[in-house]
Amino acid sequence: MSLLPYGTLRPRLPNRLWGPDMKAAVIYYSFEGNCTFVARQIAKQIKADIVQIEITDNKKRTGLAKYLWGGKQVILKIIPEIKPVNFNAEAYDLIIFGSPVWAGSPAPAIKTFLSQTKISGKKIALFLCHGGGAGRAMNKLKEMLTGNEFVSEIDFKYPIRNAESVIQKTEEWVKTL
Ligand SMILES: Cc1cc2nc3c(=O)[nH]c(=O)nc-3n(C[C@H](O)[C@H](O)[C@H](O)COP(=O)(O)O)c2cc1C
């Protein structure tokens, strides 16, 4: 654990993408809270704004029904309706994008968001949360964000179950941004 608070007292490395004079945002979708956990850690550590993408369908789904519902969306390329998102990419020097992995892809809500909000020419860092492996999901997420510069990427296995190590991992990761 660092004794220095993040922000002005922390010595700045050259070419950092965030700091007192830089603005960063964490924007993410989370169905079951794992990406929320990671997004909050990162936002707290680098003093970033945080924006959650939420679907309008708030029916609770668990077990097999959850996988069938989500998997079907991915396979049939369904674009779920999302709540309005207040996000202006131009306001940020760095955008950190996060999603769970669903059937080897980013969750479909990300596609909905990106179909409504143009993001290009930005520095982007990516994180994925999964239950086994990110597979091709990272590449798919990059394809959805073509036209941006990818500065870093990271993934987490069931972050809520591994909270302590995830906090440490995010602390190390943000130092590289
Ligand atoms: C519909 C659905 C499909 C999933 N597919 C995968 C998968 O292909 N690979 C994987 O490793 N985990 C998969 N998972 C597990 C989630 O990626 C994992 O639990 C993640 O941490 C969830 O993030 P969240 O809590 O922010 O929603 C899936 C979960 C759901 C609900």
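The model is predicted, so local features need pLDDT of at least 70 and side-chain atom pairs count only at pLDDT 80 or more, while totals for chains, interfaces and linings use all residues. Residue numbers start from 1 along each chain as its sequence is written.

The ligand is surrounded by 21 residues, and the closest are S30, E32, N34, G70 and P100; a residue is near a molecule if its C-beta atom, placed from the backbone, lies within 6 Å of it. By type, the shell splits into nine nonpolar, 10 polar and two charged residues. Here Ala, Val, Leu, Ile, Met, Phe, Trp, Tyr, Cys and Pro are taken as nonpolar, Asp, Glu, Lys and Arg as charged, and the others, Gly among them, as polar. Helices (H or I, at least four residues) and strands (E, at least two) are DSSP runs, numbered from the N terminus.

Helix α1 has 13 residues and spans 19 Å from its first C-alpha to its last, close to the 18 Å expected at 1.5 Å a residue; the expected span is 1.5 Å times one less than the number of residues. Its buried residues are N34, C35, F37, V38, A39, Q41, I42, A43 and I46. Buried means 20 or more other C-beta atoms within 10 Å of a residue's own, exposed means 12 or fewer, and partly exposed is in between, with C-beta atoms placed from the backbone. Those α1 residues pack against β1, β2 (49-53), β3, β5, β6 and α5 (163-175), where contact means C-beta atoms, placed from the backbone, within 7 Å. Just past the helix, K47 has a positive phi of about 55 degrees.

Strand β5 also pairs with β6 (residues 149-157), in the parallel sense and over eight bridges; pairing takes at least two DSSP bridges. Across this pair, H130 sits opposite K157 in β6.

Two other non-glycine residues show positive phi. K77, with phi near 55 degrees, lies in the loop between α2 and β3 and counts as exposed because it has 9 C-beta neighbours inside 10 Å. Y158, at about 35 degrees, belongs to the loop between β6 and α5; with 14 such neighbours inside 10 Å, Y158 is partly exposed.

How values were computed:
Contact = placed C-beta atoms within 7 Å.
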